[in-house]
Amino acid sequence: MNYRLILLIMTLLWLPAVSGEELVDAGAEIQVTNAPDDQAIENRLTEILTVIESYEDVEVTVNAGVVILNGSVSSARAGRDLVALASRVEGVIYVQNRLNEQMDISTRVQPTTQKIEEMISSLIRSLPIFLVAILTILLFWLLGRWAGNRGAWLHRLGLSELAADLGERIIRIVVVGIGFVIALQILDATALVGALLGVAGVFGLAVGFAFRNIVENYLAGVLLSARNPFEIGDAIQIGEFTGNVVRLTSRDTVLMTGDGNHLRIPNSTMITSVMTNYSRNPLRRFEFKLTISADVDLSMARQLGLEILQQMPGLLAEPAPQVLITDLRNDMLELDFMAWINQHESDFAKARSEAIRLVKGGFSEAGINMSNPIQRVQLAEPNTDRQNENTLANADKQPPYQPATAISSEAVDIATDPTISKQLAKEISTSDEENLLK
């Protein structure tokens, strides 16, 4: 049993040693008649090896169709190539490899040195063609730059600044790409064009995923500059953010909040969110609510509120102010006061504040109760019933209605506030950041 195991191990160790010997065709029949002469096979292989420089030290011997290779080769790969070459000759039945691999450093380095010299020589011969290709790319780059700077016709088509800039960049890229393809044609590397296009497609897809937000913001900036939904200084609201527009860049929109801070909102958010522009229409309506007791004469209360709003300086007579009854709950009535102003002449916040102050003061002077009703429960003695009834009756009496007194314009301040406008003008004049808004 041990003898068989030892024999198997020896067989496995012996196989690599003979792996260099190649049987031409294990299933082919060996010719007996009309077989090529051994000397003819030997002469043919010798002639072939004399042409190949790396096999000048190899000796070929042929006996009964078996080729025996003796000598030395520069590498194991060269030996395998020679065995494959010999096996292709007609009449060869078997190739026995007795070649030795040269381990001399100079022998190993010499082929590499020769290849480097050949590459340098080939590069020198191809240098004029490379120069022509480089000049072609340079010429088309200059042409693309010239064509991109002549994009005034894009503005005449009605495109925005950012859209026209994008069109100019596309023109430059297309012209330079054409020059690059022509240069590859000059270098006879047309097969490289398809490979480059494939690589460019994969690279563009990877870059698109990696810089998706940047691309979205850029394209959203193009749409915003084309649609022009706001201008510099407009008061807008985006979601929960409110401010005046400072600038529109290729990536974000800058707002100045009421407290003077800069707020940057990505253009993709601007294009996909609900936007309210408070400055596009100069006329703007404000409103506020007051709650009064249900025991008050509603007609008189409404008339008093209208008179106060109509007499207030700065409010527009057309559209006229309105006072509406909007709700009734717990013996209380809710009045909704609405009036219009011209934002070019009056400040919205100031006008609303003054209107609330004047209406509150007018209702207080007229004795209109604007607080929740107070309910009293009193246990009266028999002898004092009449007295208590008189007391409650006097307490429930309302003062007579007083018409609204004339309101002096000096007592009302609703002039526009120039604070934000001054800060906007200073920011625009001192900043060198791009602004796509005219």
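Which residues touch the most other members of the largest nonpolar core? In this predicted model, they are F286, I292, F337, V359, F363 and I368, within a core of 27 residues. Two or more residues of this core come from each of the elements β10 (283-293), α10 (298-311), β12 (332-342) and α11 (348-365). I292 illustrates the packing: beyond residues up to four places away in sequence, I292 touches L298, A301, M332, L333, L335, F363, I368, N369 and M370. A second, separate core comprises 18 residues, including L45, V60, A78 and V95.

The structure contains 3 aromatic pairs. One of them joins F286 and F348 in an edge-to-face arrangement, with 6.5 Å centre to centre and 80° between the planes. This pair links distant parts of the chain, as F286 belongs to strand β10 and F348 to helix α11, 62 residues apart. F286 is buried, with a relative accessible area of 1%, whereas F348 is partly exposed at 23%.

Strand β12 supplies F337 and helix α11 supplies F363, 26 residues apart. F337 is buried at 0% relative accessibility, and F363 is likewise buried at 0%. Together with F288, F337 and F363 form one aromatic cluster.

Regarding the chain overall, 13 helices and 12 strands are present, and 29% of the 438 residues count as buried. Among contacts between residues at least 6 apart in sequence, 70% join residues at least 24 apart.

Key:
Residues are numbered from 1 along each chain as its sequence is written. This is a predicted model: local features need pLDDT of at least 70, side-chain atom pairs count only at pLDDT 80 or more; totals for chains, interfaces and linings use all residues. Side-chain values use heavy atoms; hydrogens and water are left out. Helices (H or I, at least four residues) and strands (E, at least two) are DSSP runs, numbered from the N terminus. Buried means under 20% relative accessible area, exposed over 50%, partly exposed in between (1.4 Å probe, protein chains only). Contact means heavy atoms within 4.5 Å. A nonpolar core is a set of buried Ala, Val, Leu, Ile, Met, Phe, Trp, Tyr and Cys residues joined through side-chain atoms within 4.5 Å. Rings of Phe, Tyr and Trp (its six-membered ring) pair if their centres lie within 6.5 Å; planes under 30 degrees apart count as stacked, over 60 as edge-to-face and the rest as tilted.
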